[in-house]
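Subject: Model handover

Hi,

Here is the structure for your files. Please look it over, then read the notes below.

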Amino acid sequence: MLDSSTSIQWLGADILTTLVFLPSLGALVLLFLSNEAKNAIRAVGLLASGATFAVSVAVLQKFNPAIAGMEAFRPLLVDRPWIPRFGIRYLMGVDGLSLILVVLTTLLTLLVLVFSFGQSIPKLRGYVAAFLVLETGMLGSLVALDAILFYVFWEVMLVPMYFIIGIWGGKRRIYATMKFVLFTLAGSLLMFVGILFASGVHARTTGILTFSLLEWIPAASTGVWSLTGTQEALLFWAFALAFLVKVPLWPLHTWLPDAHVEAPTGGSIILAGVLLKLGTYGLLRFAIPLFPGAAARYTPLIAVLALIGIVYGAWVAAAQKDMKKLVAYSSVSHLALVVLGIFAGNVTAVSGAVLQMVGHGLTTGLLFLLVGVLYERRHTREMADYGGIASQVPVTTTLFVIAMLGSVGLPGLNGFVGEFLILAGVFKANVVWAAIAATGLILGAIYLLTLTQKVFWGPNRVKANLGLTDINAWEFAAAFPMIVLVVVLGVWPQPVLDLVRNSVETVVQIAAVRMVP
Amino acid sequence: MTGFLHVSPADLATVGPETFLCVLGIALILLDAFARSLRPAFPYLTLAGVAAANFLGGYAPGSAFAGAIEGSELTRFVDLLALAAVALVTLGADALLSRDKRNQGEFYALLLWSAAGLMLMVKGNDLLVVFIGLELMSIALYVLAAWYRDVPEATEAGMKYFLMGAFASTFFLYGLATVYGRLGSTRLTTLKGALAGGEGFSDPMLQIGLLAILSALAFKIALVPFHAWAPDVYQGMTTPAVAFLSTAPKAAAVVVAVKVLATLAPAGLGEPWRPLLSILAILSILFGNVVALAQRDLKRMLAYSGIAQMGYVAIGLATFDGPAFEGILVFLAGYLATNVAAFLAVAALSNGEKEPHPLADLAGMGRQRPFAATVLTLAMFSLTGLPPTVGFIGKLLVFRAAVDAGLFTLALVGIFGSLVSAGYYLRVVYYLWMKEPSREVDAPQEDVLSGAAYILVTVAILVLGVLPRPLLDMARAAVQSLPR
């Protein structure tokens, strides 16, 4: 067994660069393989994503969660000039918040690839390569601390997802993928102008031309930028809209059901598991710390939208006949709860939100995965085409029930801890919000239990289901680690909470300082 | 000391590349007439000539021909763009031209002359020299437009471009005459000195003159409302030749506009000019992008996309400061690599010059011709401005300069245009990779030369997108050499 510290030395001081670009290296290797060499493609995919996961674990070990404030980024900071003429740097670092999402990303990408090997996927080479490039984009967005670098990675995510939905998607894939791209691009282009303006403000007020968050956040949050109310509001919305589209918050959510339904299973897992979280991550990393005043001013508005989203998402989910669409709308509801937690502005709620980001990634990822297992065999996602298949596919059923209960928020599984902390925190901030949000959870229990009942329990009426085979080895290998984490993080969420505590407290403190002038 | 007959070796060295290119063009025509069997070697001769001209161009910047011509970092930058465009087009065109037996020496000769003309135009420190360069560049392009002279669309393109181009040239001459009438000189440095003292720039006669000159340049750049020629010419002109027409000449015209404005208005743009350029930018971006959305012919779509792209350049012109000029140069270099890539790939994925280039012909090409399809895909992403391509770097610099100068409207129109453009650029990607072919397409096969062109443009788009520093340094040096 290699000692972890020596392996880190072998990777060099620049462990974050390795982390971010290792998947792309794998994609590059795939370029030289024939599309027919399925086993070689699988090996490269597994090796690249597996090694990336290992590197992320190494980063986790190397990270010191005890350091508070902006200093948390220092130990692993990568800082090189990139476009020095305009103060743009290759600046990357992690704190607890980004790190937990980094690990979630590397794990889910690995599992998605493992899962895809159990399914019949045409043009496998391109599929694996797209996910690897996507992983670079996601990891880069999470570790980038220079706003332009962040924007670059943010847009890099767009292209592979465009192909994943557009090539491997369902019948209406072209409509879905264009909608996804245009919605996301509309948000991110606004953010782009916001970034440019913010750098101009920073240069004018401090005399330093930089895009570094490490310099922006202290200057912006302490009022050095001396923005007028309108300027701060415009800047806040330029950033927040980009992230709220990605989350997606009602009424910006309409691209999500389309994208989810048309995306291949792997695409849905990554979309729900990571891409949506990048929206909430962006709020915590950019929109709130940079513009706490505006964030405070618009908290009531965003909270109302989030509450509508919680109830609306759950309500619409309950009316769905398509399993994937149901899970997609449940995401709208769950992520709205996360946004509510983030804007509740206390440590309890924000910690809960971060925990729920991880939890939702696991449980919803699992639900999409298991729906994908059924779809692969029957080529339908209509609930009416199933029923009573529990005896046919006992393993799938068991896994589904655990994932479903995790999503519902059953105590002992990870969904419960996150939701409980969010509600407890929101209750402190505003009782009415908490009451409305809680109804969303009840609705969530209704539609998810109904889904399980319609699909798995009862008499088996559909003849075509009699030949249904259970989950295969690759698919199970992908689902099992997620199930384990759903249970472990439900019983023992403390490690995650410890990891993110300092990041959460930093954000909350910055927000609180400006809220009380 | 005065007069054109006193020509020193240093003078000749300054226009060395242009002279060499012109002579090479004549040599190619003669070879074609007397040694027809050498035709397959013409692309190689052209490439060697480009390399030699590049070597000659590295020599001695400075004033020559008694100040009528001036070499600088800026002209060197444009030299490189022009030579790169000629080289890439030569590499990419041979497969198509050989197939159609259209690989006469004149094609390469015209390319070389056009490049010589635009290089001379940028070096001109005298508006008359600028005009001579402009005409040399344009006349060669008029002929190239009608290269497939038995194809009606090509003849139409040639005639249209010639008639409208000649009209634009008269505008330039009119403006030149007006400026001369008011200030008694056509020499830019003399004009600058004359303007420094008096009321200068705000004089109505000068303003009319400058307006006429800028209109002629806007015609070459194809900014709305001077764009009407572009779609028809793009559609009828030989595709590899469009790759040249749409990049290097436009870049040269933009640089001349920058140079003239920076010389005559060193303190910044005055009242009528910034709003005027802003309107050109906004109209070009909105009109170009929205109309491109409705196109079903690839080349027409790229024509409108070109109008919109030059609208982004016009944002830089309206911003009018050092960083904006750097942004313009970087944008133009990136646009050159990207658009040449796009047109070469279009040529390689279509039935040929005698038939239209419908978007639908691209269906299924991702599988049939992955190499060319990848190049076209990258070009589309770069034109959209998505990182990590060079198209993103250009937009970053131009928009940054505009935001820094407080021109938010222009920046917002720019990003709105980018969003709209994603609609039609990604439609190309959709056809390439996500749609099954509806009919057979008899496209010219790649040869070694076009393979080299693909690799070069791919490297340029990606490497300059990730590591743009060398390009930025060159652009900065070029802008610093502008007369202040």
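Start with chain B. The axes of helix 4 (residues 73–99) and helix 5 (residues 105–123) of chain B come within 10 Å and cross at roughly 165°. Axes are lines fitted to C-alpha atoms over the stretch in contact, with angles from 0 to 180 degrees between N-to-C directions. Helix 4 of chain B is therefore roughly antiparallel to helix 5 of chain B (the label for angles over 145 degrees). Residues in contact (C-beta atoms, placed from the backbone, within 7 Å) include B:Val86 and B:Leu97 in helix 4 of chain B, and B:Phe107 and B:Leu111 in helix 5 of chain B. The residues of this contact divide into 14 nonpolar, 2 polar and 2 charged. Nonpolar means Ala, Val, Leu, Ile, Met, Phe, Trp, Tyr, Cys and Pro; charged means Asp, Glu, Lys and Arg; the others, Gly among them, are polar.

The model is predicted: local features need pLDDT of at least 70, side-chain atom pairs count only at pLDDT 80 or more, and totals for chains, interfaces and linings use all residues. Residues are numbered from 1 along each chain as its sequence is written, with chains lettered from A and ligands numbered from 1 in the order written.

Now chain A. Chain A has 20 helices and 2 strands (DSSP runs numbered from the N terminus: helices H or I, at least four residues; strands E, at least two). Strand 1 (residues 78–83) and strand 2 (residues 88–92) of chain A run antiparallel, joined by 5 bridges (pairing needs at least two DSSP bridges). A:Pro81 has A:Arg89 as its bridge partner in strand 2 of chain A. Their hairpin has 4 residues between the strands, and A:Gly87 takes a positive phi near 70° there.

Best wishes

Terms used. Parallel < 35°, antiparallel > 145°, perpendicular 65-115°, else oblique. Contact = placed C-beta atoms within 7 Å.
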